[in-house]
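Q: Could we go through the aromatic contacts of this model together?
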Amino acid sequence: MEQQQMISVPKPADEEMLIIECCRSEVSHCPNVLTKTGRIKEAVEAWARENRIQERLRERFYESRVLFHHKFRISVSGCPNACSRPQIADVGIVGYVQPQSKPEGCIACGACLRVCPDEAITLKDNLPVFDRAICQGCNFCRDACPNNCITLSHPKLRLLLGGKLGRHPHLGYSAMESENLGDILSLVKEVIGNYLNQAKTRERFADFIIRTKGKECYEQH
Ligand code: SF4
Ligand code: SF4
Ligand code: SF4
């Protein structure tokens, strides 16, 4: 008699519930990278181990089938191109910079305007002016300038919370911007702690964030 093939169904006890993904900047030596992603991943992993975050997330789904969207995803991108899709992760961390113009040297060639993917630059009195509300904070304009008259701020990090796909998609909202990784991680730890202590049974993180933050989640993209 033909032997029946057994289908292995992962049990909650075996499931990896916290998944931290990075863009490929460090393995592919991406020229666009603005912040190292590996250090962020390692810092979150160390905190998660010390605080039993995998186990505590697993306890929320004990004795039930763990589906893809039950897993908690943290996505780290080294620049605003956001290849690891941080906008739809529970928590997203994105590196960016702020361009600044030097008062001398600009020949009004327009190269920075043409290269900006977001049309965030205008020329005024022969100097580039950056629209901070539109600028995504890459380094393209600096690299395009033939006279080196655009400089970049120190790398910063943008923290996105509450992204998800599914029946009611939601892009993570910008909850914090900081040069300091410690500040970003403090807020990450706080919101995950709140989620573990206060979320309803089987409520996913994005829904918890939307419920508790309300309008804030929709106004700050
Ligand atoms: S997110 Fe930016 S740094 Fe990371 S792989 Fe994509 S382009 Fe490179
Ligand atoms: S940093 Fe990027 S998005 Fe911002 S003005 Fe320069 S090219 Fe445009
Ligand atoms: S690329 Fe440089 S020189 Fe040309 S307009 Fe922009 S800032 Fe000025």
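A: At 2% relative accessibility, Tyr-195 counts as buried, where buried means under 20% relative accessible area, exposed over 50% and partly exposed in between (1.4 Å probe, protein chains only). This is a predicted model, in which local features need pLDDT of at least 70, side-chain atom pairs count only at pLDDT 80 or more, and totals for chains, interfaces and linings use all residues. Residues are numbered from 1 along each chain as its sequence is written, chains are lettered from A and ligands numbered from 1 in the order in which they are written, and side-chain values use heavy atoms, without hydrogens and water.

Q: How many aromatic pairs are there?
A: The count is four aromatic pairs. Rings of Phe, Tyr and Trp (its six-membered ring) pair if their centres lie within 6.5 Å; planes under 30 degrees apart count as stacked, over 60 as edge-to-face and the rest as tilted.

Q: What is the geometry of Phe-72 and Tyr-195?
A: Their pair is tilted, at 6.1 Å centre to centre with 50 degrees between the planes. Phe-72 belongs to strand S2 (residues 72–77) and Tyr-195 to helix H6 (residues 181–198), so the pair ties together parts that are 123 residues apart in sequence. Helices (H or I, at least four residues) and strands (E, at least two) are DSSP runs, numbered from the N terminus.

Q: And why is the pair of Tyr-195 and Phe-205 edge-to-face?
A: Because the ring planes of Tyr-195 and Phe-205 stand at 85 degrees, with centres 5.4 Å apart.

Q: Is Phe-205 buried or exposed?
A: Phe-205 is buried, with a relative accessible area of 1%.

Q: Which residues form the cluster?
A: Ring pairs link Phe-72, Tyr-195, Phe-205 and Phe-208.
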